[in-house]
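Colleague: I am new to this one. Please walk me through the terms as we go.

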Amino acid sequence: MTFEITILGSSSATPIYQRHPTAQVLNIHERFFLVDCGEGTLIQMNRYRIKFHRINQIFISHLHGDHYLGLMGLLSTMHLQGRTVPLHIYAPFELQEIVDIQLKYSQTSLRYELVFHPVNSSSSKKIYEDEDVEVHTIILNHRIPCTGFLFSEKQKLRKLIKEKLYEYNIPVTAYHDLKMGKDYTTPEGKIISNNELTDDPRIPRSYAFCSDTLYNEHIIPQIRKIDLLYHEATFMNDKLERAAETFHTTAAQAAAIAVKAEVKRLIIGHFSARYKNLYPLLDEAKAVFENTTLAIEGDRFMIE
Ligand SMILES: [Zn+2]
Ligand SMILES: [Zn+2]
């Protein structure tokens with residue numbers, strides 16, 4: 001079962017040095033989720049062979065342009081290419097007005113249904129759920145309302161061991177209880193322990209997307225021990241004041257969050273245009289949390 005993140009954009013406000021503003025695509029069990037949609041996202045999807053028509057859910061963290069200005073182009077191309085499947089957008093409620101006014105003045109009536117799900121930025125909520133995945137908001141501290149997103153697989157039921165079921169001649173009617181972890185009692189009253197008949201399910205995997213935010217320890221309980229954390233690192237620690245003024249984080253601070261939350265792995269991104277070479281940011285983060293990687297466009301991160 002796939003759980004993969006593709007980086008489409010890793011720049012902050014200014015696209016520069018061939019870096020584009022924020023966008024990522026998640027493939028979880030062959031469902032494709034777009035997270036933020038900075039300028040050029042569609043071009044980046046084409047470049048990295050992401051089939052954009054397979055995206056049915058888009059999550060937008062906040063309404064600074066570097067996180068959503070690519071959306072209109074994507075919506076419009078989906079329309080022109082004949083999309084009919086509904087598209088769900090999870091975003092601050094004002095985004096609907098921004099999209100509607102552009103559709104109105106271009107006299108466009110989309111061929112597909114656009115379903116807006118307004119996201120509340122004052123408390124964490126579950127905003128999406130299907131049979132395999134849940135998405136919760138993460139409340140960030142930025143100049144305007146901003147949320148991150150926690151993608152987590154659901155806890156699965158125990159896995160039946162077919163050969164054992166045949167060996168003990170277990171009826172199909174007992175399967176559900178076995179998956180729930182119960183022992184099996186034969187008609188003669190003999191108890192067969194659940195461990196003999198089932199295996200442990202896969203441990204649920206999780207990924208958190210946190211951009212943009214001031215250093216914010218309030219997010220730690222929610223991201224504790226997750227497999228992979230993406231955290232913005234707009235600046236280095238020598239620009240700590242600038243980071244605070246603009247409600248952003250430094251590389252060392254992002255790494256400190258990773259340490260305190262005991263995550264397994266950290267990706268840093270949302271780099272300021274002042275850094276052409278990103279390795280000093282990586283070094284700064286690694287000095288605090290070794291298992292850190294730069295968000296480089298086109299890179300894919302698998303969670304095994
Ligand atoms: Zn930004
Ligand atoms: Zn921002």
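Modeller: Start with donors: they are N, O and S atoms within 2.8 Å of the metal (3.2 Å for Na, K and Ca), and water is not among the atoms, so sites may look incomplete. With that, the zinc ion (ligand 1) and the zinc ion (ligand 2) are 3.4 Å apart, and Asp212 coordinates both. This is a predicted model, where local features need pLDDT of at least 70, side-chain atom pairs count only at pLDDT 80 or more, and totals for chains, interfaces and linings use all residues. Residues are numbered from 1 along each chain as its sequence is written, chains are lettered from A and ligands numbered from 1 in the order in which they are written, and side-chain values use heavy atoms, with hydrogens and water left out.

Colleague: What makes residues count as protein donors of the zinc ion (ligand 1)?

Modeller: Distance. Asp66 (OD), His67 (NE2), Asp212 (OD) and His270 (NE2) lie 2.1 to 2.2 Å from the zinc ion (ligand 1). The limit is 2.8 Å, so they qualify. Along the chain their spacing reads D-H-x144-D-x57-H.

Colleague: Why is the site of the zinc ion (ligand 1) called irregular?

Modeller: Look at the angles. Four donors count as tetrahedral if all angles lie between 85 and 135 degrees; four count as square planar and six as octahedral if opposite donors are over 155 degrees apart and all others between 65 and 115; anything else is irregular. Here the angles among the four donor atoms run from 90 to 170°, and the site is irregular.

Colleague: Which parts of the chain do His67 and His270 tie together?

Modeller: His67 sits in the loop between strand E4 (55–59) and helix H2 (71–80), and His270 in the loop between strand E16 (266–269) and helix H10 (279–286), so the pair joins parts that are 203 residues apart in sequence. Helices (H or I, at least four residues) and strands (E, at least two) are DSSP runs, numbered from the N terminus.

Colleague: How do you know whether His67 is buried or exposed?

Modeller: Buried means under 20% relative accessible area, exposed over 50%, partly exposed in between (1.4 Å probe, protein chains only). His67 has 0%, so it is buried. His270, at 1%, is buried too.

Colleague: What are the protein donors of the zinc ion (ligand 2)?

Modeller: They are His62 (NE2), His64 (ND1), His142 (NE2) and Asp212 (OD), 2.1 to 2.5 Å from the zinc ion (ligand 2). Their four donor atoms subtend angles of 91 to 168°, which makes the arrangement irregular. His62, in the loop between E4 and H2, and His142, in the loop between strand E8 (133–139) and strand E9 (147–153), are 80 residues apart and link distant parts of the chain. Both His62 and His142 are buried.

Colleague: Where does His231 lie, and is it buried or exposed?

Modeller: His231 lies in strand E15 (residues 228–232). Its relative accessibility is 0%, so it counts as buried. Contact means heavy atoms within 4.5 Å. Leaving aside neighbours within four places in sequence, His231 is in contact with residues including Cys210, Thr213, Leu266 and Gly269.

Colleague: And what about the chain as a whole?

Modeller: The protein chain has 10 helices and 18 strands. Of its 304 residues, 53% count as buried. Among contacts between residues at least 6 apart in sequence, 65% join residues at least 24 apart. The C-alpha atoms fill a box of roughly 75 × 50 × 35 Å, taken along the principal axes.
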